[in-house]
Amino acid sequence: MNRFFKKVESGINGLLGLMGFAGIAVMTLGVFTRYVLVIPLNWSDEFLRTMFVWSYFIGAAMMVASGGLMRLELLDDFLTSHGHHTAKKVIGIFVELCMVGFFSFMAYYAFQLIHSYILKGTTSSTSNVPAWVLILGMAIGFGLIVILSIRNIIRYLRDTGKADS
């Protein structure tokens, strides 16, 4: 199972790299066409906004996977140095449970919004791209965070000592 998550994380990190490269390429193309050819691209700004949202929320999920989210390291260090491993474990499980609850709620409402946009046929104002495409990146990121937080809880409960790696 650990090997599966490592492959998924590697694939998602590669996808994020590609998204970053595509964003830089489209931004460069937009500047070139707007200021050199004097033909602005109508779709480039919306594409970049969509790429940014997708990258941000999927990247946040990868931060959960690597244990890179903000936490009180001072408290972690204190508990570890004083041998309070059980307290550290309980706090870690509590934090992950809070994340599961919050991001499950957020994913549910993101998918509700996507469903609503699909039913109404809502599109963007500039390029007529379905409006749900932007929200889908958020929903995927929220779903990944829930899955990875559950994985972290399982790691804490198995007491591997590495719920954040």
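Q: Where is Tyr35 found?
A: In this predicted model, Tyr35 is found in helix 1.

Q: What makes Tyr35 buried or exposed?
A: The relative accessible area of Tyr35 is 61%. Exposed means over 50%, so Tyr35 is exposed.

Q: How far apart are Tyr35 and Asp45 in sequence and in space?
A: They are ten residues apart in sequence, and their C-alpha atoms are 15 Å apart in space.

Q: Which residues make the nonpolar surface patch, and what is its area?
A: The patch covers about 920 Å². Met27, Leu29, Val31, Phe32, Tyr35, Val36, Leu37, Ile39 and Trp43 make it.

Q: Where is Ile39 found?
A: Ile39 is in the loop between helix 1 (2–35) and helix 2 (44–66). Val38 is found in the loop between helix 1 and helix 2 as well.

Q: Why is Val38 called exposed?
A: Its relative accessibility is 62%. The class begins over 50%, so Val38 counts as exposed.

Q: Which residue just after helix 2 takes a positive phi?
A: Gly67 does, with a phi of about 75°.

Q: How do you know that the span of helix 2 agrees with its number of residues?
A: Helix 2 has 23 residues, and at 1.5 Å a residue these should span 33 Å. The end C-alpha atoms of helix 2 are 32 Å apart, which agrees.

Q: What makes the contact of Arg151 and Glu9 a salt bridge?
A: The N to O distance between the two side chains is 2.6 Å. The cut-off is within 4 Å, so the contact qualifies as a salt bridge. By this rule the count comes to one salt bridge.

Q: Which parts does the pair of Arg151 and Glu9 tie together?
A: Arg151 lies in helix 5 (residues 132–158) and Glu9 in helix 1, so the pair ties together parts that are 142 residues apart in sequence.

Q: Why are Arg151 and Glu9 called buried?
A: Buried means under 20% relative accessible area. Arg151 has 7% and is therefore buried. Glu9, at 17% relative accessibility, also counts as buried.

Q: What makes the charged end of Arg151 sit over the ring of Phe5 in terms of distance?
A: The charged end of Arg151 is 5.1 Å from the centre of the Phe5 ring.

Q: Why is the pair of Tyr56 and Phe57 called edge-to-face?
A: The centres of the two rings are 5.1 Å apart, and rings pair if their centres lie within 6.5 Å. The angle between the planes is 85°. Planes over 60 degrees apart count as edge-to-face, so the name applies.

Q: Which residues form the aromatic cluster?
A: Phe52, Tyr56, Phe57, Phe102, Phe103 and Phe142 form one aromatic cluster. Phe57 has 18% relative accessibility and counts as buried.

Q: What makes Val100 and Leu144 buried or exposed?
A: The cut-off for buried is under 20%. Val100 is at 17% relative accessibility, so Val100 counts as buried. Leu144 is at 18% and counts as buried too.

Conventions
Residues numbered from 1 in each chain as written. Predicted model: local features only at pLDDT ≥ 70, side-chain atom pairs only at ≥ 80, totals over all residues. Heavy atoms only, no water. Patch = residues over 30% accessible without salt bridge, like charges linked within 9 Å, V, L, I, M, F, W, Y side chains within 5 Å. Areas by Shrake-Rupley, 256 points an atom, 1.4 Å probe, with all protein chains shown as cover. Helix = DSSP H or I, 4+ residues; strand = E, 2+ residues; numbered from the N terminus. Phe/Tyr/Trp six-rings, centres within 6.5 Å; stacked < 30°, edge-to-face > 60°. Buried < 20%, exposed > 50% of the residue type's maximum accessible area, 1.4 Å probe, protein only. Lys NZ or Arg CZ within 6 Å of the ring centre and 35° of its normal. Expected span 1.5 Å × (residues − 1).
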